[in-house]
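This report describes selected features of a predicted model.

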Amino acid sequence: MRQILLSFFALVITIPTLAQNWVTDESMEETVKLEDNQLKVLYFTASWCGPCRYMKPIMQDIDEDETVNTTVYFMDTDSNIADDILKVNSIPAYFFIKNGRVLGRTGSAVKREDMVDMIERHDDMTIEGNLLAYRGKPSKHELIAGANPKLTVENLETIWYDAHQLNALSWKIYQKLTDPQDIACALILIQRSIELEEFTSNLETYAHLLAKNGENRKALKMAKKAKRKAEKNNEFTGIIEELITKLEA
């Protein structure tokens with residue numbers, strides 16, 4: 001009995017330590033995407049996955065190792081949808097993230113020393129690349145389908161958390177489609193892109209779409225905002241200046 005009690009209390013003491021770095025869809029913003037200049041490893045796992053069971057103690061040990069400058073976050077793919085949104089097709093899978101930006105990703109079971117080496121290499125990288133294309137917080141924009149048969153809600157949901165893909169598709173719609181329903185769809189997509197991450201290109205796309213939709217005052221205001229952002233970042237301003245000239249004529 002004494003041995004059973006000791007084992008029970010040891011389990012109770014251990015559980016908070018093991019559970020502290022489990023994340024959910026809702027907690028991604030405050031954990032994995034935190035901008036604190038520390039490398040994060042987002043580790044996708046599941047209880048039924050054999051290679052994941054092999055990796056679990058390795059990842060836990062790395063997380064607790066003070067000589068390895070990282071925090072490992074465990075995510076259960078059976079209880080969350082982030083793996084679907086991020087197109088994780090097999091587990092175990094690992095995303096290397098710093099200040100919310102994805103520096104790299106890999107998968108499969110690996111030796112501890114190989115994982116530590118990957119962590120250290122990613123930690124030494126310049127912080128650049130796309131923001132983690134996932135936002136657990138709900139959007140204020142409601143997704144709508146376009147008139148084009150490819151612009152279904154089901155298809156658009158696959159990029160709903162990726163600011164750059166949303167911007168690229170919105171620009172293609174601006175360039176190639178004219179149906180009012182397609183333009184309305186693109187306006188929602190580009191606003192979602194800006195909601196996820198504001199950058200010069202999606203501000204430019206938004207300004208052009210507003211102009212195409214006949215909303216010239218809003219288009220001019222957005223175009224000038226895009227120009228200011230481009231100038232601040234030493235980016236090319238020719239396209240947006242052309243639109244501003246046209247709108248001010």
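## Disulfide and cysteines

With a disulfide taken as a pair of cysteine sulfur atoms within 2.5 Å, the count in this predicted model comes to one disulfide. The bond joins cysteine 49 and cysteine 52, whose sulfur atoms lie 2.4 Å apart. The torsion about the S-S bond of cysteine 49 and cysteine 52 is about 75°, and the disulfide is therefore right-handed.

Burial here requires a relative accessible area under 20%. Cysteine 49, with a relative accessible area of 4%, is therefore buried, and cysteine 52, with a value of 1%, is buried as well. Cysteine 185 also counts as buried, its relative accessibility being 0%.

Strand E3 covers residues 93–98, and because six of its six residues are buried, the strand is largely enclosed by the rest of the structure. The burial extends to both faces of E3, with Ala93, Phe95 and Ile97 buried on one side and Tyr94, Phe96 and Lys98 buried on the other.

E3 pairs with strand E1 (residues 39–45) in the antiparallel sense over six bridges, and within that pairing leucine 39 has lysine 98 of E3 as its bridge partner. E3 also pairs with strand E4 (residues 101–107), again in the antiparallel sense and over six bridges; here the bridge partner of tyrosine 94 is threonine 106 in E4. E3 and E4 form a hairpin with two residues between them, and asparagine 99, which lies in the turn, has a positive phi of about 55°.

## Helix H8 and its surroundings

Helix H8 (residues 200–212) comprises 13 residues and reaches 19 Å from its first C-alpha to its last, which is close to the 18 Å expected at 1.5 Å a residue. After H8 comes glycine 214, whose phi is positive, near 85°.

What places H8 largely within the rest of the structure? Of its 13 residues, 10 are buried, so the helix is largely enclosed. The buried residues include Thr200, Asn202, Glu204 and Thr205, and also Leu203, Tyr206, Ala207, His208, Leu209 and Leu210.

Methods:
Residues are numbered from 1 along each chain as its sequence is written. This is a predicted model: local features need pLDDT of at least 70, side-chain atom pairs count only at pLDDT 80 or more; totals for chains, interfaces and linings use all residues. Side-chain values use heavy atoms; hydrogens and water are left out. Buried means under 20% relative accessible area, exposed over 50%, partly exposed in between (1.4 Å probe, protein chains only). Helices (H or I, at least four residues) and strands (E, at least two) are DSSP runs, numbered from the N terminus. Two strands pair if DSSP finds at least two bridges between them. The expected span of a helix is 1.5 Å times one less than its number of residues.
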